[in-house]
Amino acid sequence: MITLQVNNISKSYNQQTVFNEVSLFASEKYSLAITGKNGSGKSTLLKIIAKLVTPTVGSVLFFENEFQIFPNKLNSKLSFVAPYLFLYEELTAIEHLTLIQKLKRISNNILAIELLKKFSLIESKHKKVGSFSSGMLQRLKYCIALVSKPKILLLDEPTSNLDHEGEIIIYDLLKAAKKNNTLLIYTTNHKSELKYADDVIDLNKLK
Amino acid sequence: MKIVLNILYKDLLCEIRTRHVIYSLLVFVLTTVFVLLFSISDNEFTVDLSASLFWVVSFFSTMTGLSRSFVLEEEKQTILFLRLNATPEQIYLGKLFYSIVVNLIINITITFAFILFIPTFVFSNLNLFILTILVSSISISSAVTILSAIISKAENKGLLLPFLSFPILLPILITSINLTKLSLGAFSFENEANYLQFMISYSVVLITASLLFIKYIFEE
Amino acid sequence: MRILKFTSIAIITLVIIFGIGLPIVENPQNWMEYPKIPGLDEKFRNLFFHVPMSWVATIAFIVSTFYSLKYLNSKNNLYDIKAESSASLGLLFSLLATITGSMWAKFNWGSFWNWDPRQLSIIFLLLIYFAYFLLRASIKNEVSRNNISAVYNVIAGLSAIFFIFILPRMLAGLHPGSKGEADAGPILGGSGSKNVLFTFYFSLLGFTLFYIWLQNLSYRTRKLLKENYHA
């Protein structure tokens, strides 16, 4: 049982406040959507939850069965997909998947191939990522995120750069989060995408 | 440790695919050596001069080649990928080993260029020279890796790296030059063991400090 | 702080008056006269200023590194401001020490610059300070700027230990305390005169107090600037 506690976090860059005193509580089988205008700090909040950015005030804590998860253990349980996540142009799709499995200390090549098939990348698995289109990149990022069977899934604008077919796969993924015992948090600008979440936070209304 | 080696493997693989560092390095070393040969006649090459020139060329090649390790990740915005999947300490160590490998290649290339073209570059103590190259590659890498991480967040990166690293690298360069003079047979009362100890302890201190502080550099 | 201001300025004024004004004679009769040091003559008066300035430059550097460490430990921005102000004073005093030092070098060792290990140390300090401020100027994000410049300051501090305290003792040089010098004692001690030593230590005290006052002043100014103009 994984739970997330966000206590009263505020973030400011060079004395300019992005958001003030946000608190959240979330747990497994629970999905949360973050919405808000451009510049309301959706991505910053997601990065803070992923521990990529430190909040100016407040704390973000992950617990597994009442025990706090240390930052170095968090890496293997958490996956993050975002438009600003970039991959290595010189490496191929399959090399990325091998690298991520080694970094996260898992080994599941069958799942990797399955994911590549699911996201219809199996033909280009030996191509260098530098030659990929932005839609293919987004699909590959999902393969990389899902190959570790993450307990915590953070998605920033999940359907950006994807075609209709891709969007359907992602909507299935958002629905399946409950079944897979995943803690899902995503940001979105589309009203239609809010229905997949158990709860919605509007950062503009908090202010 | 396995994670560190995988980061190293990834960096080397990317480098082999693009050969960016290797090519720029070869061009750099060859042009500098040829300029030296044009401007200095054979009998003007004293042992002291060639030992110093060796490390001058090495310093500037390092600045062009090694600064890439963290800067490239930041410029191509791939650092996020690493940060999501490894701890700052693991990333640092991966980059450190990568720097050591590249720096050894740099110094070995320069050594061959100097042996071929520079008349006074003849060893009287080859073992000492090999030891010098090895130890100073490690020391220079331990300094440059953390500095490369430091400048990756700054704006005018190209200007900043030589500026920031010169004072930190100066002790290593001075000791390396002295050791090279000794291995080329310069008459001296100096004690080479002292110099080697100095460099080794310097890099141990730098690596320990870097491991302690690297997490603050990634903080935003 | 006001007492500190007046005491330090008074001490430095006295040192300037006595250090420059008192005559040098062969056999000093009273405290108003300095003894003649063979080979140095009038030139040794420089030491009343050069050594305290180098001393303050070093102290400022140590203080700056210390506050950078404290900042990294506590993440309290006030410590970062303290580190920055001490670094700016260190820059000022190492410039002054370089100027007075090259005067000494010109008249005693023949040229303004001799590449002596100690001269290398002061160049090292100057470069570190320039690099530190250049680094601060080129990072926009405040958190990154404070963190990264503090890390650089600490790394520079560690390398200063090697550069200033260990390396000069391994290399041959002109300053006292270099390698191969049997008597590493200070020049002034050799003169055996109490009033020279007194002026010297008095000057050291004056400059140190002056630094403490300036550090406090610069810290408060920077803090106000930051609070009011987000500078």
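Q: What makes up the secondary structure of chain A?
A: In this predicted model, chain A has seven helices and nine strands. A run counts as a helix from at least four residues and as a strand from at least two.

Q: Why is S7(A) said to pair with S8(A)?
A: Two strands pair if there are at least two bridges between them. Strand S7 (residues 152-156) and strand S8 (residues 183-187) of chain A are joined by five bridges, so they pair. The two strands run parallel. Leu154(A), for example, has Ile185(A) in S8(A) as its bridge partner.

Q: In which order do the five strands of the open sheet in chain A lie?
A: The order is S6-S7-S8-S3-S9, with parallel pairing.

Q: What makes S6 and S9 of chain A the edge strands?
A: Strand S6 (78-81) and strand S9 (199-202) each pair on one side only. From one strand to the next, the twist averages 15 degrees.

Q: Where does helix H5 of chain A lie?
A: H5(A), residues 134-146, lies across S6 and S7 of chain A and runs at about 175 degrees to S6(A).

Q: How do you know that the radius of gyration of chain A agrees with a compact globule?
A: For 207 residues, the rule puts a compact globule near 17 Å; chain A has 17 Å, so the two agree.

Q: What share of the residues of chain A count as buried?
A: Buried means under 20% relative accessible area, and 53% of the 207 residues count as such.

Q: How do you know that the span of helix H9 of chain B agrees with its length in residues?
A: At 1.5 Å a residue, its 27 residues (192-218) should span 39 Å; the end C-alpha atoms are 39 Å apart, so the values agree. H9(B) also bends by about 45 degrees at Leu212(B).

Note on methods:
Residues numbered from 1 in each chain as written. Chains lettered and ligands numbered in written order. Predicted model: local features only at pLDDT ≥ 70, side-chain atom pairs only at ≥ 80, totals over all residues. Heavy atoms only, no water. Expected span 1.5 Å × (residues − 1). Bend = angle between axes of the 7 residues up to and from the residue. Axes fitted to C-alpha atoms, helices over the stretch in contact; angles between N-to-C directions. Contact = heavy atoms within 4.5 Å. Rg over C-alpha atoms; globule rule 2.2 N^0.38 Å. Buried < 20%, exposed > 50% of the residue type's maximum accessible area, 1.4 Å probe, protein only.
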